[in-house]
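User: Could we go through the salt bridges here together?
Analyst: Gladly; the structure comes up next.
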Amino acid sequence: MIAVKKCTSYNPPKVQWAVKECINNINGFKDLEKGDQVLLKPNLLMSASPDKGITTHPTIVEATARILIEKNVEVMIGDSPGSPYTNLKNLWEKTGMKTISKKLGIKLLNFESTGSYIKKFKSEEYPIAKPILECDFIVNLPKIKTHNLTILTCAIKNMYGAIPGARKTDYHRRYPSPSEFSERIVDIYELTQPNLTIVDGIIGMEGNGPTGGNPRKLGIILASEDTVALDLYIPQILGMDPYMIPSNRIAIERGLGKGLANIQIVGDEPPLIEDFKWPSNIYHALEFLPSSLAKTLLRFWWSRPAIDDRHCKNCGVCVEACPTGALKNGISSPVFNYEKCVNCLCCMELCPHHAFYHEKSFLYKLTSRLSNKG
């Protein structure tokens, strides 16, 4: 069951009402007991102000926290940002979490310093932040955004922040294709399954997300105990086949969701948005070709990250975040070694100045034009 409420602004009373309605419509806190430790897990990818549409808006976090405090539980906010080199004090302040912490007396937990437990899953070992596994109840608070590699980053992908430090970028390096990387995302979701997910869909992000896209007014808040159902439903109302998103396909194959036919909507019915702009990445097409043919095509048909010197501030964030060492410091801007680049797009994802763009070969541009005309 998914609760949906229309909410067209981040006006605190309106958000408070919409979040409360969503929770009540699915009885989302029925399993809470007095004194429980409740962890709020927003998307705090980087130190960005809420108006950029990159992080979960603080009014969503505050509204959820206030409802929980009324239930006499202990509320905490925790996350691990995309880059382990992020200044955490700046992160808390810029994203508005510090203000909420002071106002409501809530602890802010930096997963980089809380310690972690190693959890074995199939052939991989994952360090999961201790608060994720030790708390009594997890409220997942993602934002609707596009993602250059995984197409969508929302409910399932938000739990990727349970992994502290540089291991997140290491998985990008070791598993560069959308499907391989999405397998890891779903692994981590299985290990950390939240009790309730409340989605910030008032303003989402379209285009080349999760940081370089454009804010897009969507005007909805959604909530469900079924995280996978949310990730299936949201792309459908944005004009995308939900099963084109690798993490959705993998989750359904593993039996983690019941499929679109079994999703029940309560509350408001949002309008379909047919002109939502999704990212385009060569790897999504090449995944379905034989590996030998894909490798041959890659020599002539490619899309890769490149730096626009007009926007680059030479801050070094991308150099530190690159999991393969494909970026080195330069005089005016970092320099790429494309022999090492695995197109994981961590650089583009974490650049605070939106200085990255997709550089495309002539053949790639040509086929894209023909596809658009068709």
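Analyst: A salt bridge here is a side-chain nitrogen of Lys or Arg within 4 Å of a carboxyl oxygen of Asp or Glu. This is a predicted model, where local features need pLDDT of at least 70, side-chain atom pairs count only at pLDDT 80 or more, and totals for chains, interfaces and linings use all residues. Residues are numbered from 1 along each chain as its sequence is written, and side-chain values use heavy atoms, with hydrogens and water left out.

User: How many salt bridges does the search find?
Analyst: The search of the whole structure finds 20 salt bridges; one of them joins Asp170 to Arg174, with the closest N and O atoms 3.4 Å apart.

User: Where do Asp170 and Arg174 lie?
Analyst: Both belong to helix α7 (residues 167-174), 4 residues apart, about one turn of the helix; helices are DSSP runs of H or I with at least four residues, strands are E runs of at least two, and both are numbered from the N terminus.

User: And Glu359, which residue is its salt-bridge partner?
Analyst: Glu359 pairs with Arg304, the closest N and O atoms being 3.0 Å apart. Because Glu359 lies in strand β16 (residues 356-360) and Arg304 in strand β13 (residues 303-307), the pair ties together parts that are 55 residues apart in sequence.

User: Is Glu359 buried or partly exposed?
Analyst: Glu359 counts as partly exposed at 26% relative accessibility, where buried means under 20% relative accessible area, exposed over 50% and partly exposed in between (1.4 Å probe, protein chains only). Arg304 is partly exposed too, at 25%.

User: Which residues are linked in a network?
Analyst: Salt bridges link Glu183, Arg184, Asp187, Glu190 and Arg254 in a network.
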